[in-house]
Amino acid sequence: QLIWILPNAISSVLLNYYQETNKEHSVQLGLLYGSFSVYATFIAAIVLSCLYYYVIPLIYGNQFEQVFDLCLILFAGTIPFTIAIIVANLNSGIGFIRINLFATIFVFTIGIVLNIVLIPAYGLRGAAFGKLISYIAGTAFHLVVTGYLYKLPWWEFFKPTRLKDLLKANI
């Protein structure tokens, strides 16, 4: 759960700016901070993974060692999903709230189907892979919609953000 703190904090702050600025500036802020969020979350996932590897067995015992593997699976979906969090608030700020409803229904439906199929067959790993696929599907949904609405290619979110660009972002 710690991995969600950064993208949620960023998107909460940006929501006010999205509402107060023009659409083009809002899209550029979303792109800039979406890219930053991906890389910052990636670094946080690496740090947390290293920590979890040692801390989980130490605190909970060896019977919980498999939790580390599950965390790695979940991190693989959580990292790209940070883009969806930023874009969802961009959509809300600009006034495209209905898109977020469709995205939520889409991800929820995929999640339910995957849980029904994967959990009985694979247990905890099935649940983790179901979440992974749901997160990636949700991110893909937002990237496709973002490309269509804002004429923004999906790969732009994966370009590294330079610190000086963040500082010049004018927020």
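Here is a short tour, from the overall build down to single residues.

## Ground rules

This is a predicted model, in which local features need pLDDT of at least 70 and side-chain atom pairs count only at pLDDT 80 or more, while totals for chains, interfaces and linings use all residues. Residues are numbered from 1 along each chain as its sequence is written, and side-chain values use heavy atoms, with hydrogens and water left out.

## The whole protein

How many helices and strands does the protein have? There are five helices and zero strands, and from the N terminus on the order reads α-α-α-α-α. The protein has a radius of gyration of 17 Å, close to the 16 Å from the globule rule for 171 residues, so it is as compact as a globular protein of that length. Helices here are DSSP runs of H or I with at least four residues, strands are runs of E with at least two, and both are numbered from the N terminus. The radius of gyration is taken over C-alpha atoms, and the globule rule is 2.2 Å times the number of residues to the power 0.38.

Along the principal axes, the C-alpha atoms fill a box of roughly 55 × 35 × 25 Å. Of the 171 residues, 42% are buried. The label "buried" means under 20% relative accessible area, "exposed" means over 50%, and "partly exposed" lies in between, using a 1.4 Å probe and protein chains only. The protein exposes about 9,800 Å², and carbon and sulfur atoms supply 69% of that area. Such areas come from the Shrake-Rupley method with a 1.4 Å probe; for residues, only the protein chains shown count as cover.

Contacts (heavy atoms within 4.5 Å) tell you about the fold too. Take those between residues at least 6 apart in sequence: 79% of them join residues at least 24 apart.

## Two salt bridges

The structure holds two salt bridges. The term stands for a side-chain nitrogen of Lys or Arg within 4 Å of a carboxyl oxygen of Asp or Glu.

One of them joins the side chains of Asp-69 and Arg-125, at 3.2 Å from N to O. Asp-69 sits in helix α3 (residues 66–94) and Arg-125 in helix α4 (residues 97–150), so this pair ties together parts that are 56 residues apart in sequence. Asp-69 is partly exposed, at 31% relative accessible area, and Arg-125 is also partly exposed, at 37%.

Glu-156 forms a salt bridge with Lys-159, their closest N and O atoms being 3.2 Å apart. Glu-156 is partly exposed at 21%, and Lys-159 is partly exposed at 43%.

## Residues in the interior

| Residue | Relative accessible area | Contacts |
|---|---|---|
| Ser-37 | 0% | Pro-7, Ile-10, Thr-82, Ile-86 |
| Gly-93 | 14% | Leu-15, Tyr-18, Gln-19 |
| Gly-130 | 1% | Leu-114, Leu-118 |

Gly-93 lies in helix α3. Gly-93 and Asn-16 are 77 residues apart in sequence, with their C-alpha atoms 7.2 Å apart in space. Gly-130 is part of helix α4, and its C-alpha atom is 24 Å from that of Leu-51, 79 residues away along the chain.

## A backbone angle to look at

Finally, find Lys-151. Is this residue buried or exposed? Lys-151 is exposed, with a relative accessible area of 64%. Its phi is near 55 degrees, a positive value in a residue other than glycine. Most residues other than glycine have a negative phi.
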